[in-house]
Amino acid sequence: MTTHPLPSRTSRKRALALSAAALAAALTLSACGGARTAAGTDGGTASASGGASCVDTSGDTVKIGFLNSLSGTMAISEQTVRDSLDLAAEEINAAGGVLGKQLEIVAEDGASEPTVFAEKADKLISSDCVAAVFGGWTSSSRKAMLPVFESKNSLLFYPVQYEGLEASKNIFYTGATTNQQIIPGMDYLKEQGKKKVFLVGSDYVFPRTANKIINAYAEANGIEIVGEEYAPLGHTDFATIVNKLKASGADAVFNTLNGDSNVAFFKEYKNVGLTVDATPVVSVSIAEEEVGGIGVDNIVGQLTAWNYYQTVESPENTTFVAAFKAKYGDDRPTSDPMEAAYTSLYLWKGMVEKAESFAVADIQEAADGVSFDAPEGTVTVNGDNHHIAKTAYIGEIGPDGLIYSVWESDGPIEPDPFLEGYDWAEGLS
Amino acid sequence: MDALFSQLFAGLSLGSVLLLAALGLALTFGQMGVINMAHGEFMMAGAYTAFVLQAFIPDAGISLLVALPVGFVVGGLLGLLLEVTLISRMYRRPLDTLLVTFGVALVLQQLARDVFGAPNVDVRAPAWLSGAVPFLGMNLPKTRLFILGLAIACVVVLALVLKLTPLGRRIRATVQNRDLAETSGVSTRATDRLTFFVGSGVAGVAGVALTLLGSIGPTLGTNYIVDAFLVVVVGGIGQLKGAVIAAFSLGIVQAAFEYSTTASLAKVLLFVVIVAFLQVRPQGLVSVRTRSLA
């Protein structure tokens with residue numbers, strides 16, 4: 001038998017100090033990770049330099065790039081977007097391609113790192129010579145890619161709802177901007193007679209920007225914001241925040257929490273005796289695939305604001321859902337970002353066909369008014385701000401984990417990323 | 001007044017979660033000096049145990065009660081395996097245990113992702129734990145009371161084991177003076193293994209308890225590992241008593257900060273307090289007295 005003497009007390013102490021330092025370093029790194037955003041320029045002001053494009057359209061194929069996080073913390077979400085992009089590409093190829101050319105996909109992994117997104121975007125444009133890139137999820141990844149697309153004068157199709165206040169002629173935004181998701185969410189609460197709203201969100205750019213807009217909206221519409229709380233990303237102890245919520249006398253909650261935090265929040269919400277009937281929660285980051293992880297029991301009856309649900313009734317959606325399930329399995333739900341990504345590929349196809357060219361300048365010129373009968377309903381590209389007109393839905397989470405629309409806007413809402421059409425929003429952007 | 005008591009309870013409840021997470025670590029890190037970064041992943045293993053059991057036992061209440069001992073064994077066996085295969089080779093190199101166990105933690109996370117999938121899963125809470133108990137005008141959530149009770153039970157059992165059983169005596173003897181214990185006929189090798197089994201087992205139990213509060217995902221452990229180390233360091237190395245006091249103090253302080261400021265700021269303030277405290281008392285709240293000559 002061997003003995004393993006423990007190290008002396010001094011070396012234990014040193015070990016302790018070193019491990020404490022290592023932990024501190026790890027903490028600092030993770031804290032920076034949340035805030036790390038590459039500087040991006042807002043607005044479509046960059047000049048279209050970058051020389052002649054190297055896109056090769058002489059053969060039977062044309063290359064396009066898919067750029068999503070397939071590893072790292074965002075992989076859970078972005079993999080679903082990649083799946084629906086693959087489906088769209090397959091369908092388009094089977095139907096004869098774009099302008100008679102088959103799509104050749106160059107796929108890259110953004111690894112949940114904004115800097116990697118920027119590097120890979122550069123690689124896709126400069127060495128793979130793709131005609132357009134589809135992908136990105138977090139605002140920090142988009143902000144990191146934006147200068148690349150502007151300086152190389154290429155096109156990015158970005159499929160996720162975001163905080164607005166941005167427009168670039170090199171990016172097409174096919175997810176919702178604030179006036180297509182957050183404002184309809186507030187409109188719905190106002191319609192329901194809610195007067196005191198509590199805001200809870202994760203502590204990063206999207207919730208803080210969204211809540212700035214909600215505060216301005218509330219002031220103009222006679223709604224009182226009775227509390228505004230932020231939890232660090234990954235935060236799982238909501239006892240205090242829910243205590244404050246309960247004490248605030250709120251009659252509704254607007255929730256911009258991300259990821260795991262939702263589970264802890266909704267479990268705590270239910271445990272302290274808050275109910276959907278008295279204090280409904282409107283969430284903007286919970287889609288079909290998240291509901292299972294939160295636990296249907298904990299969240300049934302709660303509200304979400306999106307532009308698409310798997311349950312949307314249209315022939316286009318029936319086809320989309322069936323095709324998706326046939327390719328990836330019956331247990332896989334479809335969600336808003338997936339649908340927006342799927343739609344983005346068809347919108348690009350529509351623009352190319354209208355322009356009869358794969359060239360960026362021709363596409364930008366042809367973009368305005370291009371429309372597509374998407375699973376969510378008909379969407380139309382706005383040539384001025386490169387967002388798309390979409391229908392807003394407020395949905396209720398059903399006992400089966402799917403989301404059912406309880407309210408929808410009168411037709412597609414024109415995108416207004418800078419909220420220029422709202423008097424109360426002056427000074428926000 | 002209501003708010004004060006509610007927050008006090010929130011603090012106690014947070015403290016009990018911290019205590020459960022740190023208790024096993026107080027044994028393996030505190031008593032043995034092994035920096036086990038995979039401790040959080042043992043908690044994750046306990047949580048997934050509860051999830052798997054729920055698939056076989058339809059009654060959520062029974063499956064939770066079954067999951068507690070099974071989670072202990074699952075966490076314990078993982079810890080035992082880690083001790084036998086890797087840690088036993090590096091008791092002389094405590095810093096290397098940090099790197100090795102960090103690697104093990106990453107492997108376990110990926111394993112969980114491959115087996116259970118990347119999205120989080122949910123464990124249903126039993127019906128008798130839903131809702132709240134009215135008390136002095138407050139509503140105390142039953143899940144939090146359950147976790148508080150569980151944490152206290154774990155401390156009591158662990159304290160009794162350490163104080164009264166032959167295993168406990170061997171553990172204490174080994175910690176106080178390993179060479180003398182060895183000479184007196186204590187198999188320190190076997191003691192090491194058992195200590196690791198118990199410490200990791202408690203992590204498994206903590207994981208089962210956490211399913212009542214939040215989500216179960218591959219990164220569940222990383223959310224708690226830093227807090228668990230903090231509790232052990234603040235409490236004083238090698239002291240159960242210290243861990244208990246530290247866990248509840250940190251819980252209450254954090255809840256108080258969080259109520260008066262914000263969740264993000266509370267975390268920062270808590271670290272400031274801890275750093276200041278460690279300047280005054282680097283050995284932690286309760287310091288160990290050993291007969292070791294070194």
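Figure 1. Lys152(A) is partly exposed, at a relative accessible area of 34%. Its salt-bridge partner is Asp122(A), and N and O lie 3.4 Å apart. The two residues sit in separate helices: Asp122(A) in helix α3 (residues 114–126) of chain A and Lys152(A) in helix α4 (residues 139–152) of chain A. The pair therefore ties together parts that are 30 residues apart in sequence. Asp122(A) is partly exposed, with a relative accessible area of 30%. The structure shown is a predicted model.

**Figure 2. A salt bridge joins Asp83(A) and Arg332(A).** The closest N and O atoms of Asp83(A) and Arg332(A) are 2.8 Å apart. Asp83(A) belongs to helix α2 (residues 75–94) of chain A, while Arg332(A) belongs to the loop between α11 (315–328) and α12 of chain A, so the contact ties together parts that are 249 residues apart in sequence. Asp83(A) has a relative accessible area of 7% and is buried. Arg332(A) has 23% and is partly exposed. The cut-off for buried is under 20%, so Arg332(A), at 23%, does not count as buried.

**Figure 3. In chain B, Arg189(B) and Glu83(B) meet in a salt bridge.** The N to O distance between the side chains of Arg189(B) and Glu83(B) is 3.1 Å. Distant parts of the chain are linked here: helix α8 (residues 188–210) of chain B holds Arg189(B), helix α3 (residues 60–85) of chain B holds Glu83(B), and the two residues are 106 residues apart. Arg189(B) is buried at a relative accessible area of 11%. Glu83(B) is buried at 0%.

**Figure 4. Four charged residues of chain A form a salt-bridge network.** The members are Glu108(A), Lys120(A), Lys123(A) and Asp128(A). Salt bridges link them into the network. Over all chains, the count of salt bridges comes to 20.

**Figure 5. Phe265(A) and Tyr269(A) form a tilted aromatic pair.** The search of the whole structure finds 27 aromatic pairs over all chains. In the pair of Phe265(A) and Tyr269(A), the distance is 6.1 Å centre to centre, with 40 degrees between the planes. Both residues lie in helix α8 (residues 261–271) of chain A. They are four residues apart, so about one helical turn separates Phe265(A) from Tyr269(A). Both Phe265(A) and Tyr269(A) are buried.

**Figure 6. Tyr342(A) and Tyr346(A) form a tilted pair and belong to a cluster of rings.** The ring centres of Tyr342(A) and Tyr346(A) are 5.2 Å apart, and the planes stand at 55 degrees. Planes over 60 degrees apart would count as edge-to-face, so 55 degrees leaves this pair tilted. Helix α12 (residues 336–355) of chain A carries both residues, four residues apart, about one turn of the helix. Tyr342(A) is buried, with 6% relative accessibility. Tyr346(A) is buried too, with 16% relative accessibility. Ring pairs link Tyr342(A) and Tyr346(A) with Tyr308(A), Phe320(A), Phe324(A), Tyr328(A) and Phe372(A) in a cluster.

Figure 7. Helix α6 (residues 166–176) of chain B contributes the largest share, three residues. Arg169(B) lies in helix α6 of chain B. With 45% relative accessibility, Arg169(B) counts as partly exposed.

**Figure 8. Nonpolar side chains of chain B form a surface patch.** Ile152(B), Val156(B), Leu160(B) and Leu164(B) make up the patch, which covers about 370 Å². Ile152(B) is found in helix α5 (residues 142–164) of chain B. Its relative accessibility is 45%, so Ile152(B) counts as partly exposed.

**Figure 9. Ala167(A) and Phe418(A) are shown as a pair of C-alpha atoms, 8.6 Å apart.** Along the chain, Ala167(A) and Phe418(A) are 251 residues apart. Ala167(A) sits in the loop between β4 (156–158) and β5 (171–173) of chain A. At 11% relative accessibility, Ala167(A) counts as buried.

Technical notes: Residues are numbered from 1 along each chain as its sequence is written. Chains are lettered from A and ligands numbered from 1 in the order in which they are written. This is a predicted model: local features need pLDDT of at least 70, side-chain atom pairs count only at pLDDT 80 or more; totals for chains, interfaces and linings use all residues. Side-chain values use heavy atoms; hydrogens and water are left out. Buried means under 20% relative accessible area, exposed over 50%, partly exposed in between (1.4 Å probe, protein chains only). Rings of Phe, Tyr and Trp (its six-membered ring) pair if their centres lie within 6.5 Å; planes under 30 degrees apart count as stacked, over 60 as edge-to-face and the rest as tilted. Patches are made of residues with over 30% relative accessible area and no salt bridge: like charges are joined within 9 Å, nonpolar side chains (Val, Leu, Ile, Met, Phe, Trp, Tyr) within 5 Å. Accessible areas come from the Shrake-Rupley method with a 1.4 Å probe; for residues, only the protein chains shown count as cover.
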